[in-house]
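I set out to look up the overall build of this chain, then its sheets, and then a few single residues. My entries follow in that order.

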Amino acid sequence: MAYWGECQRGAVDLLTIGDGMSCTARIGTQGARLVQLWVPDRHGTPADIVLGHDLPAAYETPASTYFGATCGRYANRIAGGRFDLDGHTVHLDRNEGQNHLHGGTDGFDRQIWTVTQADDRAATLHLHSPDGAMGYPGALQASVTYAFTAPGELQITMTASVSGRPSVVNMVNHAYFNLAGQDGGTVASQLLQIDANTYLPVDAALLPQGPQASVAGTHFDFRTLRPIGADVPRGGFDHNFCLRASDGPSVVAVDPASGRALRLWTDQPGVQFYTGAHVPAGLVGKTGARLGPDHGFTLETQTWPDSPNRAEYPPATLRPGQTYRHQMRFDFSPDSVAVPDALTQA
């Protein structure tokens with residue numbers, strides 16, 4: 001663990017873990033954040049494939065758009081910043097118009113987490129979120145573990161428990177991926193596959209409109225590999241895909257030019273696929289890279305947005321004595337995905 005820099009809350013440390021071969025990750029204590037992720041291409045040349053900033057203070061500006069952070073207590077959106085729980089109305093911080101987003105203005109991404117375990121391959125960080133923080137009931141103990149479990153495989157495990165009163169929990173990892181690296185430009189030509197037959201349509205506030213809709217014949221049909229930029233809805237992608245229960249990966253992404261690929265497994269019922277429409281054009285990222293909309297994509301595995309207000313959605317309530325658990329497992333083996341010839345770049 002090494003000192004990284006200062007933010008409004010004080011000193012921020014940086015931890016380095018690796019798989020002992022070619023993959024390395026750096027995690028910041030500010031926001032339990034995935035700051036860097038170095039992955040080799042087909043020739044063994046590594047590149048940092050997650051977007052972000054060089055110093056902690058830059059992550060505190062609104063333009064940082066949660067780069068790499070662990071978001072919570074409830075990530076994604078809650079309509080009106082309110083919901084009913086056990087007959088009582090809970091009022092949350094409203095930080096996106098009239099709605100609540102990613103835990104509020106002082107969510108998990110803004111906190112300094114405590115390192116409870118660290119070695120060459122894994123690191124665990126802990127956060128105490130007091131009763132009433134951002135309006136949430138109950139005192140929450142949250143943990144995130146980043147661990148390389150095999151060559152090229154990174155596992156992220158998020159857990160939480162609550163005391164005093166029940167609460168709602170939906171923690172996500174908000175890394176923005178660009179498999180070409182920091183100067184890779186937009187991700188339009190990178191390929192994506194999502195194991196989902198349905199998605200949640202959204203309104204102008206990006207809140208789900210109601211029932212699942214079929215992806216067939218829409219911009220949202222990623223059931224087979226296709227370029228991210230081949231068929232884009234107005235405003236870009238910022239939608240929850242309702243994942244199928246299967247043994248295969250929930251998401252596959254490939255950069256045909258470099259051979260870098262990721263395969264993602266999760267135990268969550270949804271994934272928010274977002275292509276950074278709100279990232280300001282010309283935003284300065286790591287090593288001076290100029291970022292903007294469509295320069296990265298998120299894979300926020302999660303329960304579905306606004307689920308505390310929708311009984312038909314997967315539940316997010318956590319009660320004393322229960323344990324919230326959320327796991328993501330990535331395989332970054334290069335050229336691990338068979339890409340049809342028609343999709344391979346020259």
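**Entry 1**

I took strands as DSSP runs of E with at least two residues, and helices as runs of H or I with at least four residues, each numbered from the N terminus. Two strands pair if DSSP finds at least two bridges between them. β25 and β28 belong to an open sheet of six strands, in the order β17-β28-β25-β22-β19-β20 and with antiparallel pairing. Its edge strands, which each pair on one side only, are β17 (176–177) and β20 (213–214).

**Basis of the entries**

The model is predicted: I used local features only at pLDDT of at least 70 and side-chain atom pairs only at pLDDT 80 or more, whereas totals for chains, interfaces and linings use all residues. Residues are numbered from 1 along each chain as its sequence is written, and side-chain values use heavy atoms, with hydrogens and water left out.

**Entry 1: the whole chain**

I noted zero helices and 30 strands. The radius of gyration, taken over C-alpha atoms, is 19 Å, close to the 20 Å from the globule rule for 346 residues, so the chain is as compact as a globular protein of that length. That rule is 2.2 Å times the number of residues to the power 0.38. The C-alpha trace spans about 60 × 50 × 40 Å along its principal axes.

Of the 346 residues, 56% are buried; buried means under 20% relative accessible area, exposed over 50%, and partly exposed in between, with a 1.4 Å probe and protein chains only. I also looked up contacts (heavy atoms within 4.5 Å). Among those between residues at least 6 apart in sequence, 67% join residues at least 24 apart.

**Entry 2: the nine-stranded sheet**

I found a further open sheet, in which nine strands pair in antiparallel fashion in the order β11-β12-β13-β14-β30-β24-β23-β18-β21. β11 (114–118) and β21 (226–227) are its edge strands, each pairing on one side only. Within this order I checked β18 (residues 191–194) and β23 (residues 251–254), which pair in the antiparallel sense over four bridges. L192 stands opposite A253 in β23.

The hairpin has two residues between the strands, and D86 takes a positive phi near 55 degrees.

**Entry 3: two loop residues**

Is H53 buried or exposed? H53 has 5% relative accessibility and counts as buried, although I located H53 in the loop between β5 (46–48) and β6 (70–71). H53 and G72 are 19 residues apart along the chain, with their C-alpha atoms separated by 21 Å.

Q322 lies in the loop between β29 (317–318) and β30 (324–331). Its relative accessible area is 38%, and I recorded Q322 as partly exposed. Not counting residues up to four places away in sequence, Q322 touches A160, S161 and T317.
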